[in-house]
Amino acid sequence: MAEQFDLVVVGGGPGGYVAAIRAAQLKMKVALVEREHLGGICLNWGCIPTKALLRASEINHLLHNLDAYGFAADNIRYDFAKVVKRSRQVAGQLSSGVKGLLKKNKVTVFDGHGKLAGKGKLSVTKDNKPVAEIEAKHIILATGARARVIPGIEPDGKLIWSYREALAPDIMPKKLIVIGSGAIGSEFASFFLNMGAEVTLIEAMDRVLPVEDAEVSAFVKKAFEKQKMKVITGAKVQGVRKNGEGVSAIVEVDGKVQELTADRLISAVGIVGNVENLGLEGTKIKVEKTHIVTDEYGRTGEDGVYAIGDLTGAPWLAHKASHEGIIVVEAIAGLHPHAMDVSNIPGCTYCRPQVASVGLTEAKAKEAGYDVKVGRFPFIGNGKAIAMGEPEGFVKTVFDAKTGALLGAHMVGPEVTEMIQGYTIARTLETTEAELIHTVFPHPTVSEAMHESVLDAYGRVIHI
Ligand SMILES: Cc1cc2nc3c(=O)[nH]c(=O)nc-3n(C[C@H](O)[C@H](O)[C@H](O)COP(=O)(O)OP(=O)(O)OC[C@H]3O[C@@H](n4cnc5c(N)ncnc54)[C@H](O)[C@@H]3O)c2cc1C
């Protein structure tokens with residue numbers, strides 16, 4: 001006899017577990033099916049363990065620049081296995097935290113693989129053996145995504161790494177090649193560089209972090225190069241050769257072919273949705289480019305089946321997944337939530353220097369037909385950034401010249417991943433330049449650069 005629920009969520013990542021908790025708050029009887037780790041990629045193999053590693057590389061960088069702050073230390077070294085262990089422990093701690101949260105909210109968790117099994121039905125198996133048959137009025141698919149694999153550059157767990165191997169590396173490579181300069185590639189490149197590796201970052205597009213504002217991309221490339229990273233843009237990887245203990249990439253730039261060698265290679269060339277073996281066949285659920293197609297309330301073509309998070313496509317971000325989960329559940333409960341406004345989802349990259357943005361880039365705003373007013377403020381004009389010894393970077397704001405609406409904000413520099421939320425709130429509240437100019441920013445903080453950037457757009461900048 002099948003177990004009955006109001007809602008069953010397939011996948012326990014930030015999309016799925018947040019949806020399950022919100023549904024429980026709304027008095028639904030909820031089940032969650034997870035085949036690997038609660039917390040999904042985000043907590044176990046993504047957002048969190050990368051930040052734990054990046055914290056270590058920040059510390060390593062600081063320790064090697066103590067002189068600037070009046071300190072001296074000899075024989076600075078690290079134990080790489082301990083650095084990795086700490087990152088895995090942080091991931092483990094958070095994953096068990098999710099287990100506790102689900103328990104507290106009385107969500108029934110099934111350990112296994114969930115698959116649609118007819119209208120309102122889901123089967124759960126573990127190692128191909130049946131675990132449970134579930135019936136639910138509503139089913140949310142939140143099965144996430146995995147690394148895209150380019151033929152010939154398949155991660156082998158030894159010389160070629162995907163993000164999974166890169167998060168639990170067997171060695172600290174002396175020489176590393178990273179293919180792909182999106183957020184994931186740039187973070188790994190920055191981590192290994194700041195831990196002392198010789199890093200080459202290869203990007204097919206003409207700039208790094210290609211979704212960011214062009215000025216931010218240009219700045220990050222220069223900053224990486226200043227840190228002695230080799231950055232190759234506009235590059236086509238023709239192939240990869242493994243040779244015993246090392247690996248090389250054959251790369252073509254402007255018709256010239258070169259072979260780069262390294263100890264390890266990280267392939268970070270995108271994401272594909274986990275749409276396989278989900279029982280989608282014979283349903284009205286549409287899949288496009290490995291992602292499930294939904295409307296703005298997460299509804300698929302099949303009545304009662306919803307999809308959220310990485311499974312539904314870009315932007316592949318944990319906070320997007322969670323927010324979608326809440327919208328879907330609240331819509332199911334009849335609460336009439338606002339639909340997701342993708343343009344108000346902030347994006348952060350935790351490389352050194354950090355990058356954060358929300359809304360339209362200047363180019364996209366122009367493409368959309370806006371007459372723009374642009375403000376810029378460099379951190380070299382900000383007292384706190386100078387006091388911290390991190391005056392690198394800038395804040396750029398893009399306004400609609402006609403209405404003063406904040407169209408987008410783009411930052412590179414210290415703590416910008418913490419600060420972008422200020423502009424995200426501004427955009428969510430449909431703020432114009434008037435309110436931003438009128439806002440009092442605390443002194444001394446790096447956030448004052450956000451104010452100055454707005455002032456600059458309107459010819460009122462003070463500190464530059
Ligand atoms: C290295 C790296 C760094 C990242 N850093 C950031 C960051 O800093 N900030 C950010 O916002 N995002 C980051 N991301 C992206 C973020 O991890 C994802 O956007 C987020 O995890 C998506 O959440 P989700 O719930 O949609 O899917 P996932 O987190 O992928 O969770 C899906 C879950 O479903 C389970 N599952 C799959 N199929 C089934 C099935 N049939 N039955 C049962 N269970 C199933 C999986 O085991 C998984 O646990 C990063 C990603 C990577 C790889």
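This report walks through the cores, strands, salt bridges and surface spots of the structure above.

The model is predicted, so local features need pLDDT of at least 70 and side-chain atom pairs count only at pLDDT 80 or more, while totals for chains, interfaces and linings use all residues. Residues are numbered from 1 along each chain as its sequence is written, and side-chain values use heavy atoms, with hydrogens and water left out.

## The cores

Let's start inside. A nonpolar core here is a set of buried Ala, Val, Leu, Ile, Met, Phe, Trp, Tyr and Cys residues joined through side-chain atoms within 4.5 Å. Buried means under 20% relative accessible area, exposed means over 50%, and partly exposed sits in between (1.4 Å probe, protein chains only). The largest nonpolar core has 37 residues, and those with the most contacts inside it are Phe191, Phe192, Val199, Val220, Met229 and Ile266. At least two residues of this core come from each of helix 3, helix 4, helix 5 (163-167), strand 9 (175-179), helix 6 (183-194), strand 10 (198-202) and helix 7 (214-226). Helix 6 gives the most, with 5 residues. Helices (H or I, at least four residues) and strands (E, at least two) are DSSP runs, numbered from the N terminus. There's also a second, separate core of 26 residues, which includes Ala19, Val107, Ile140 and Ala142.

Back to valine 220: leaving aside neighbours within four places in sequence, valine 220 is in contact (heavy atoms within 4.5 Å) with Val208, Leu209, Val355 and Val412. At 17% relative accessibility, glutamine 227 counts as buried. Not counting residues up to four places away in sequence, glutamine 227 touches Leu193, Asn194, Arg352 and Pro353.

## Strands worth a look

Two strands pair if DSSP finds at least two bridges between them. Strand 8 (residues 160-161) runs parallel to strand 15 and is joined to it by 2 bridges, with isoleucine 160 opposite leucine 265. Strand 9 is also parallel to strand 15, joined by 4 bridges, and here leucine 176 stands opposite arginine 264.

Strand 21 (residues 355-359) is mostly covered, with 4 of its 5 residues buried. Strand 20 (residues 347-349) is antiparallel to strand 21 and joined to it by 3 bridges; the two form a hairpin with 5 residues between them. Valine 355 in strand 21 is the bridge partner of threonine 349. Strand 21 also runs antiparallel to strand 24 (residues 406-412), with 5 bridges joining them, and valine 358 stands opposite alanine 409.

## Salt bridges

A salt bridge is a side-chain nitrogen of Lys or Arg within 4 Å of a carboxyl oxygen of Asp or Glu. A search of the whole structure finds 21 salt bridges. Here are some of them:

| Pair | N to O distance |
|---|---|
| Lysine 137 and aspartate 6 | 2.9 Å |
| Glutamate 225 and lysine 221 | 3.3 Å |
| Lysine 366 and glutamate 362 | 2.8 Å |

Lysine 137 lies in strand 6 (residues 129-141) and aspartate 6 in strand 1 (residues 3-10), so this pair ties together parts that are 131 residues apart in sequence. Lysine 137 is exposed at 58% relative accessibility, and aspartate 6 is partly exposed at 22%.

Glutamate 225 and lysine 221 are 4 residues apart in helix 7, or about one helical turn. Glutamate 225 is partly exposed at 35%, and lysine 221 is partly exposed at 24%.

Lysine 366 and glutamate 362 also lie 4 residues apart, about one turn of helix 9 (residues 362-367). Lysine 366 is partly exposed at 47%, whereas glutamate 362 is buried at 15%. Salt bridges that share partners join Asp213, Glu215, Glu362, Lys366, Arg376 and Lys396 into one network.

## Out on the surface

Phenylalanine 71 sits in the loop between helix 3 (47-63) and helix 4 (80-104) and counts as exposed, at 53% relative accessibility. With Leu62 and Tyr69, Phe71 makes a nonpolar surface patch of about 310 Å². Patches are made of residues with over 30% relative accessible area and no salt bridge: like charges are joined within 9 Å, nonpolar side chains (Val, Leu, Ile, Met, Phe, Trp, Tyr) within 5 Å. Accessible areas come from the Shrake-Rupley method with a 1.4 Å probe, and for residues only the protein chains shown count as cover.

Glycine 459 lies in the segment after helix 13 (448-457) and is exposed at 69% relative accessibility.
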